[in-house]
Amino acid sequence: MTAISAHSVRRSLPALSGQTGYILLLFGVTALLMPLSRFVSPSLGSWSTVSAILVISSMLVLVGFGQGLVILVGELDLSIASVIALTGVLTTAWLGESPSLVTFLEILAIAVLIGVLNGIGVTVLKVPSFIMTLGSQLIVAGIALGYTKGTVPGTTPRFLGDLMLGKVLGVPTPILLLIGIAVVGFVIQRYTVFGRRLYAVGGNRATAAIAGVHVNRMIVGAFAVSSLCAALTGMLLVGYGGGATLGMGDGYFLPSIAVVVVGGSSILGGRGNYLGTVAATIFLQTISTLIQALGISQGWQTFIYGCLIIAVVGLLKRDLATKAGRLLTRPGKS
Amino acid sequence: MRRALSSGTTLAAIILVAMYIVYMYSSIDVLTTENATDLLNNAAPLVISATGLTLVIVVGGFDLSLGGVVTLANVILATQTGGTTGSAAVGVLLALLAGVVVGALNGFLVAYLNVQSIAATLGTFIMCSGLALVIMPSPGGSVPEFISPGLISSVGPVPVSLLVILACVVAYLAFRRTRMGIHIFAVGLDESAAIQSGIKAAAVKFRVYLAAGLLYAVAGVMLSALTASGDPNGSAVFMVLVFAAVAIGGAKFGGGRGSAIGSILGAGVLAVLQKMLFAVGVSTFYTGIFQGAILIVAVLIGMISLRLGETRPRAVTTDQRALTGRPA
Amino acid sequence: MQTVLQVDDLTKRYGATTALDRVTFAVAKGSIHAIIGENGAGKSTLIKSLSGLQVPDSGTMRLDGELFAPSSLGESRGRGVSTAFQEMSLLGNLTVAENLSLPRLGSGRLFVRRRQYEAAAAELLAKYDLPGLSPAQRVGELSLAERQKLEIVRAVSHRPKLLLLDEPSAALPDVEWLFGLIEKIRSPELTILYISHRLAEIRDLCGSATVLRNGRVVDTVRLSDVDDGMVFTLMGGASDDQVREKRTGRTTGAPAIQVDGLRGDTVRDLSFTLHDGEILGVAALEGQGQAETFRMLAGASRPSGGTIAVGGRRSKYTTPAGALRSGISFVAEERKAEGIMPGISTLANITISSLGRTSTLGVAAGKKEYQASLPFARKVDLDERYLRMDIDALSGGNQQKAILARSLMKGSKYLLLYDPSRGVDVGTKASVYRMMREFTDSGGAVLWYSTDLSELVGICDRVLCFYRGSVVAEFPGHETDVEELLQAITGHGAGEKAGQS
């Protein structure tokens with residue numbers, strides 16, 4: 001590739017420095033998989049399958065955003081599954097009958113509180129994050145179980161059902177939501193003061209502190225946003241599935257980490273691009289649709305998830321991501 | 001005194017005794033043979049896994065694959081249809097083999113490819129979960145009789161699980177007297193200093209993950225004896241309990257410090273806690289809350305006791321950061 | 001005389017820096033041979049290559065005439081080379097005896113033999129005059145000096161034919177024990193490579209010395225043939241004057257930062273004053289308290305005593321953010337560890353401290369940020385095209401410029417620069433010097449530590465010499481020279497003799 005074309009690519013995608021190549025690769029492979037999957041099964045590759053994939057992705061993309069921020073600062077949030085379940089339960093129980101903005105905000109506030117407590121445990125008490133969030137995962141799940149005594153009360157609020165099952169101009173609203181989340185998430189992570197400081201903290205805590213960033217506040221903030229995203233996902237899931245269950249978050253626990261890691265973010269923090277998470281989400285959902293169509297079980301699907309994670313973090317490490325990115329963005333370096 | 005208190009093992013022993021006393025007062029038939037056997041049966045799988053995890057923690061790593069291996073062993077046993085002792089033996093062998101293979105993969109990734117242990121074992125954990133679902137798509141089945149009730153019954157007056165727990169203790173004490181048993185502490189504290197002392201750090205780490213994988217598989221066998229059936233999704237809470245046991249036992253996340261004896265006592269604390277909560281009539285709905293709280297509190301206690309014992313502050317190494325929450 | 005070690009054209013590069021550049025020298029069997037050089041001269045890289053911890057890029061080593069290319073410590077030990085490392089390799093959670101007998105721990109096949117290795121350790125401790133240590137004691141409980149002695153005893157215990165001692169006296173209160181040990185082990189079969197910056201010790205022990213500078217061998221000399229001044233000249237080298245012009249007789253303004261009686265882990269009763277408009281240099285060997293001093297001033301580390309006054313007022317900040325508010329900006333020593341934030345663009349690295357100014361409603365986007373940072377990038381000669389790149393893709397020099405631009409952009413009045421020109425190219429150095437001059441000409445003040453003494457001489461208004469945690473000498477920047485500084489920072493200055501304080 002010549003320096004000129006590289007330069008023009010870089011100029012046309014100035015904000016995507018770094019892992020651009022890898023992300024484009026993921027999107028590209030996904031885009032190829034969709035029509036190619038017709039060869040696997042004639043029912044695949046149609047607009048409706050693509051649409052279904054994107055609709056399902058809209059929820060994982062949201063959890064992935066929060067998890068991504070926590071991973072960005074070099075921690076892990078294992079509590080999201082039970083936050084999803086708890087907010088799902090509260091959504092049907094409190095919002096189902098009489099939707100009100102105050103109740104809606106109350107539910108979100110509870111989630112944010114859980115996130116803040118996670119963050120305080122990690123920063124002030126210095127409990128390793130996976131222990132802290134695993135503990136809060138158990139506690140929150142216990143609260144949800146205790147509150148419901150095993151049976152989830154209430155009904156699905158109508159506005160959530162409309163949101164997740166409706167269409168605007170023939171396009172399912174969750175797809176619009178997906179696009180919106182991708183754009184907003186990308187901007188928050190890359191361009192806001194908050195996002196920048198998270199990168200700084202994850203890249204190098206000592207430097208960030210020397211540069212005047214309040215490291216602990218940023219980490220607490222990341223956990224709070226993660227919980228908030230899990231809560232919103234819980235609500236979307238209620239709308240999508242038409243109700244809440246105590247296990248509704250379980251399917252998001254590992255995938256939320258998987259999409260971030262497969263999306264090219266460093267599990268060590270400091271590196272990552274939200275669009276990578278978005279690409280990885282759609283990619284993995286496409287793969288699982290494909291696997292389902294092939295008649296392969298849920299088990300193989302999970303197995304392949306695991307292999308992909310190992311492939312990305314282990315064998316390729318950051319090399320593929322950075323090399324591919326470099327090919328596209330700065331071959332003229334030397 | 002200060003030094004004794006700072007030892008995680010002593011602290012865990014004190015907590016265990018205190019808890020047991022409370023438990024004795026909370027219920028009248030605590031000291032019956034059935035109750036004691038029951039307690040030991042519940043503790044055995046925790047004890048074995050905690051022993052394996054402690055080795056990994058001491059060497060400065062972390063191992064999420066434990067849940068996956070335990071589940072895998074469980075479903076392998078639950079799908080052995082023969083019902084004979086022969087098929088049980090095949091099942092156990094297959095389960096142990098699975099543990100060794102997963103452990104070897106972890107070890108290879110962490111020791112030789114320098115992958116962060118959390119990331120590598122997260123991957124293998126997910127792989128194992130998937131394989132477990134492939135082997136057994138939904139809970140059910142039954143494990144061969146040789147295992148359940150075989151492994152939760154008694155040989156004469158002695159419960160099998162007591163023998164297993166004692167075997168763990170003896171094996172660990174013996175291991176501490178081997179070369180590896182000292183090398184793991186060196187590597188966990190400071191890998192480059194260990195290398196400068198002539199230790200082959202990568203080989204030490206690889207073997208630790210391998211041994212841990214095998215122990216998780218044994219734990220899976222013992223757990224199957226307890227549940228008597230298979231459950232491809234059953235390991236999450238179990239895994240958390242093992243983490244908690246190791247934390248209560250005073251192992252230092254980040255490496256270089258810890259004792260399987262402490263973790264074994266920690267496992268005992270959790271087993272007694274479960275019994276105690278049941279005895280005082282706390283609804284099972286809330287068990288999770290107590291388990292979560294005890295996990296966090298245990299880590300805090302462990303950290304405080306470490307701080308008490310530390311005579312001189314030591315600089316935080318990158319490795320340590322990598323573990324406490326990852327990231328360097 | 002028979003040659004035991006022959007090193008030829010040994011070269012090792014780390015990215016852009018060349019740590020060893022065609023290093024060639026020979027060591028005679030049975031001698032004690034010194035390796036001397038300033039910080040960063042390549043001594044530790046040489047040690048690592050000889051110990052098998054690091055494989056050189058090219059060149060050869062020969063031991064007793066046979067090719068020697070160890071790829072692990074065990075291999076080098078097997079060939080009879082043993083090292084006492086400066087950054088000690090003892091394990092604090094193991095006992096004295098365990099440390100001494102690693103990795104074998106006794107002759108047992110399956111189990112270690114504690115009694116056996118503890119007896120062996122007791123023997124070693126008695127033989128080498130360490131009666132205060134007990135074999136079963138944990139190394140974590142020992143003092144720094146005891147650890148250093150143990151490290152040396154451990155290296156000696158392998159009965160090497162080539163013993164590498166890397167700054168063996170750095171943590172010792174006196175050299176008596178060390179000299180006694182060397183006396184005891186000396187034999188025609190044992191050769192010692194003695195790495196130190198303490199010339200007095202070297203003169204007492206060694207016959208010949210190889211002087212390293214910037215990764216190259218300057219000369220190998222017989223110590224009886226040269227005087228101290230000549231050795232210092234060899235170590236320091238002539239300054240490359242093309243990038244520095246001396247500034248003379250500038251008058252500086254009011255006190256900017258006043259440090260009085262500062263104390264900490266490595267800092268002992270430190271006092272000095274930095275004035276507005278002044279470039280104040282700090283000259284010191286590694287580990288003389290300068291790192292902690294800078295960190296204390298930057299709010300990154302807490303002093304245990306003494307006061308810091310900024311702009312005439314006693315400061316109370318305890319965090320880097322607080323120091324920044326007081327107008328103090330810190331450029332830390334390790335670019336990779338504490339300077340850059342990898343994974344984000346150079347632009348984002350520059351603006352991280354000034355996001356309040358470059359963002360609108362919390363969003364730091366587009367032109368505004370770019371435009372705002374441009375003048376500061378220019379001030380440090382950072383090419384505009386680098387701003388959009390990930391900072392990891394930049395050379396060390398350009399990364400350093402970006403870090404400096406960050407401090408300038410923050411608008412701090414006082415800059416603490418910790419060795420900003422280490423490992424960067426000549427062009428970047430020139431930019432750094434120019435930036436410092438412009439910065440102080442407009443009223444700012446710079447406290448500047450550099451491992452390259454010759455540049456301190458060229459640029460600073462005054463130079464402070466640190467030794468063992470306090471200021472032992474002060475020179476006007478334009479009247480001193482490298483030799484004078486070297487003598488002061490090695491404790492050879494007025495009143496102090498090497499290794500005896």
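Contact here means heavy atoms within 4.5 Å. Keep that cut-off in mind, since the first count rests on it. One caution as well: this is a predicted model.

Let's look at chain C. Chain C splits into three parts: domain 1 covers 3-236, domain 2 covers 241-327 + 412-489, and domain 3 covers 346-411. Today is about domains 2 and 3.

How far apart are the C-alpha centres of domain 2 and domain 3 of chain C? They lie 25 Å apart.

Now the contacts. Domain 2 of chain C brings 15 residues, and these touch 13 residues of domain 3 of chain C. Together the two domains bury about 1100 Å². Carbon and sulfur atoms give 63% of that area.

On to charges. There is one salt bridge between domain 2 and domain 3 of chain C. C:Arg434 pairs with C:Asp381. Their closest N and O atoms are 2.6 Å apart, inside the 4 Å cut-off for a salt bridge.

Which elements of domain 2 of chain C supply at least two residues each to the side that touches domain 3? Two of them do: strand β17 (414-418) and helix α16 (426-441). The largest share comes from α16(C), with six residues.

Last, the make-up of that side of domain 2 of chain C. Eight residues are nonpolar, three are polar and four are charged.

To recap for chain C: about 1100 Å² buried between domains 2 and 3, one salt bridge, and α16(C) giving the largest share of the domain 2 side.

Definitions and conventions: Residues are numbered from 1 along each chain as its sequence is written. Chains are lettered from A and ligands numbered from 1 in the order in which they are written. This is a predicted model: local features need pLDDT of at least 70, side-chain atom pairs count only at pLDDT 80 or more; totals for chains, interfaces and linings use all residues. Side-chain values use heavy atoms; hydrogens and water are left out. Domain bounds come from an automatic or database domain assignment. Buried area is the accessible area (1.4 Å probe) that two parts lose on being put together, summed over both. A salt bridge is a side-chain nitrogen of Lys or Arg within 4 Å of a carboxyl oxygen of Asp or Glu. Helices (H or I, at least four residues) and strands (E, at least two) are DSSP runs, numbered from the N terminus. Ala, Val, Leu, Ile, Met, Phe, Trp, Tyr, Cys and Pro count as nonpolar, Asp, Glu, Lys and Arg as charged, and the others, Gly among them, as polar.
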